[in-house]
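Here's a short walk through one part of a protein model. Have a look at the structure, then read on.

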Amino acid sequence: MASTFFTWLRSPAAREYFFSTHFWGPVANWGLPLAALADLRKDEDVISGAMTTALASYSMVFMRFAWRVQPRNYLLFACHATNATAQTVQGGRFINYWYMGGRERSQAEKILK
């Protein structure tokens, strides 16, 4: 299997792929999920519910696009699947903090320290 991959890597088809927007578009787009993953360490009080919802929705739409376009763009799909997952986790953190008592628990812990 590895030899097949390396044979393809030396082929004109590989050069065509690596110099196309089908490759570089998703690579450039990976900034969104990487930032979302980094934000998972931040305090919940800085999460924007509206922005988190917008980014999760955007990624779900483009996951469908990446799946439907021919040829399928698996790199773009993976990028948006990662972002949608991270934004969904952020949304859960937002709801927990603002609507499920997380804010009050956080403030009580600060007082006890």
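## The span of helix 5

Helix 5 has 20 residues, and at 1.5 Å a residue it should span 28 Å; its end C-alpha atoms are 29 Å apart, which agrees. The expected span is 1.5 Å times one less than the number of residues, and helices here are DSSP runs (H or I, at least four residues), numbered from the N terminus.

This is a predicted model: local features need pLDDT of at least 70, side-chain atom pairs count only at pLDDT 80 or more, and totals for chains, interfaces and linings use all residues. Residues are numbered from 1 along each chain as its sequence is written, and side-chain values use heavy atoms, with hydrogens and water left out.

Tucked away in helix 5 are G49, T52, A56, S59, M63 and A66, its buried residues (buried is under 20% relative accessible area, exposed over 50%, partly exposed in between, with a 1.4 Å probe and protein chains only). Seen down the axis, these buried residues fall within an arc of 120°, so they line one face of helix 5; the arc is that of the directions from the helix axis to the C-beta atoms. Over on the other side, A50, V61, R64 and R68 are exposed.

A54 also belongs to helix 5, which runs over residues 49-68. It counts as partly exposed because its relative accessibility is 41%.

Helix 6 (74-99) is among what covers the buried residues of helix 5. N83 sits in helix 6 and is buried, with a relative accessible area of 1%. Leaving out residues up to four places away in sequence, N83 touches L32, P33, A36, L55 and S59 (contact means heavy atoms within 4.5 Å).

Terms used:
Helix = DSSP H or I, 4+ residues; strand = E, 2+ residues; numbered from the N terminus.
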